[in-house]
Amino acid sequence: MVVGEIAEQRDVVIIGGGPGGYNAAIHAAKQGFHVTLIEKGNLGGICLNEGCIPSKLFSTSATKLSEVATMSNYGIQMGEASFDLNGLQSYRGKVVGNLRKGVEALCKANKVEIIEGHASFLSEDRIGVDHGHQFDVYHFNHAVIATGGRPFIPNEIKADGKRILTGHSLYRLEEVPKHLLIYGSDYIALEAAMTFRQFGASVSLVLEEEKSDFVYDSSINRELKRVLKKQKVKVYTEASLKSIDVDGEKVVGMLRQKGEDVHIEATHAFISFGIEPNLSDLGVDRLRMKMEKGFLSTDAGMRTSIENIYAIGDVTTGPSLAVKAIKQAEVVAKTMGGIPAEFDPTFIPLVAHTLPPIASVGMTEQEALEKDLNVRVGQFGYGGNGYATIHGKREGFIKLIIQDDTDVVLGFHAFGAGAVELISTGTVALEMAARDEDLFFPHYPHPSYNESITMIETEIKRAKEANVK
């Protein structure tokens, strides 16, 4: 290893080329900074290469496969459908490769310098980069930590990537599991359960010991349970995982559910315990940065406890979502440029690309009631929506939570086709502190899923009149 004798000067050094890192690099470059982006793996990070994009590609494939049986309703005659996982994996490679090239092109167009190597802090204004055969030192004015996270797996669970899987290995399978055991209740677990069930796997979904339900509004939780039962996904609630081991070509899991032992045998297991930050070997301990439950502590401008070092994405507290990292990237670039900016996570939408999809933003009905708020609730099912009927997607609804005394929208929840796009309307409404009439007044296209929003108006008015009486 050759050690550089002179530290090269850089305006901004960003460690990590995921959605947070490359967006921060591009935003900073547009403000006139000379930006160096350091990535030890592939540009795009876990989101593009292992997580968000591959998982959504798989769920899209599952959705299309589920629609084949209904094609005859539209006069399209097809033979019996079959699923080819190898074909999907081949397409995955093309999609990920093309998107990665797009990120590279964006960085190049904005004159972002890209360095491949492992970075670690040497001091509060110096960073070293190990290229394997060479070690370079850079002196920086600003640094951004955007190294992302990795699936958290307890030490007692040996995830081998073949039988016991994490989010990084599940979507690289070369065969569809005969029986997939899933432990977790987050959107990642739900997407995996419905996707692989559609591909033909038997699926057992185990919710953590403290979970008797999912994380959504009570109306969505009820419908979600019904849909999972209809899809023949076996759900175990309030269960703790005592052990899980590989025995030849099977996985043996032992659960403790409501005081009783439950023995499950499967061919594969997927563990979804959440994300832990990638901070080891980065040198943050050497700098004694302030931490919060294992994550880097930041202010609203994304500064760490060291003023010229910032942190964004999965290394910070809050949900492990690309949307969070992308917004923080914009904030951190403005902060470095002296432009007032703050990151506010209050109305980050929660989305699951399930069959059908789920999207939620703001308070659930139970959360509003726990805060002793007087609320009106309105809900309209897709059974009365013409567009949903045309598409054979009558399974779903939109639900609004309205504060009674102010008419302010507190929560927007959607379950069913179009939910992922619909949630943007709810997010904008909450950010603008909109009242219910602001949602009901606009002209929504007909036919569309969107017009279900206006159909809730009658129910909301009825609830208001009932409260007045």
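Predicted model: local features only at pLDDT ≥ 70, side-chain atom pairs only at ≥ 80, totals over all residues.
1. Where does Asp407 sit in the chain? Asp407 lies in the loop between strand S24 (397-403) and strand S25 (409-415). Most residues other than glycine have a negative phi.

2. Glu238 is a second case of this kind. Glu238 is not a glycine either, and its phi is positive, at about 50 degrees. The residue is placed in the loop between strand S12 (234-236) and strand S13 (239-247). Is Glu238 buried, exposed or partly exposed? With a relative accessible area of 32%, Glu238 is partly exposed, because that class takes in values between the 20% cut-off for buried and the 50% cut-off for exposed.

3. The bond from Leu355 to Pro356 is cis, with omega near 0 degrees. Pro356 belongs to the loop between strand S21 (350-352) and strand S22 (358-362).

4. The other bond joins His446 and Pro447; this bond is also cis, and its omega is about -5 degrees. Pro447 is found in the loop between helix H12 (436-440) and helix H13 (452-455). As background, most peptide bonds are trans.

5. An unreviewed UniProt entry annotates residues 348-454 as "domain: Pyridine nucleotide-disulphide oxidoreductase dimerisation". How much of the chain over residues 348-454 is helix, and how much is strand? The chain there is 30% helix and 27% strand. The end C-alpha atoms of this stretch are 23 Å apart.

6. Arg286 is part of helix H7, which covers residues 284-287. The relative accessible area of Arg286 is 52%, so the residue is classed as exposed, the cut-off for that class being over 50%.

7. Which residues does Arg286 touch, leaving aside its neighbours within four places in sequence? Arg286 is in contact with Phe121 and Leu122. Leu122 is 164 residues away from Arg286 along the chain, while the C-alpha atoms of the two are separated by 7.9 Å. A student can find Arg286 in helix H7 and then look for Phe121 and Leu122 beside that residue, as its contacts.

Key. Residues numbered from 1 in each chain as written. Heavy atoms only, no water. UniProt positions renumbered as here; feature names shortened; annotations may be inferred. Helix = DSSP H or I, 4+ residues; strand = E, 2+ residues; numbered from the N terminus. Buried < 20%, exposed > 50% of the residue type's maximum accessible area, 1.4 Å probe, protein only. Contact = heavy atoms within 4.5 Å.
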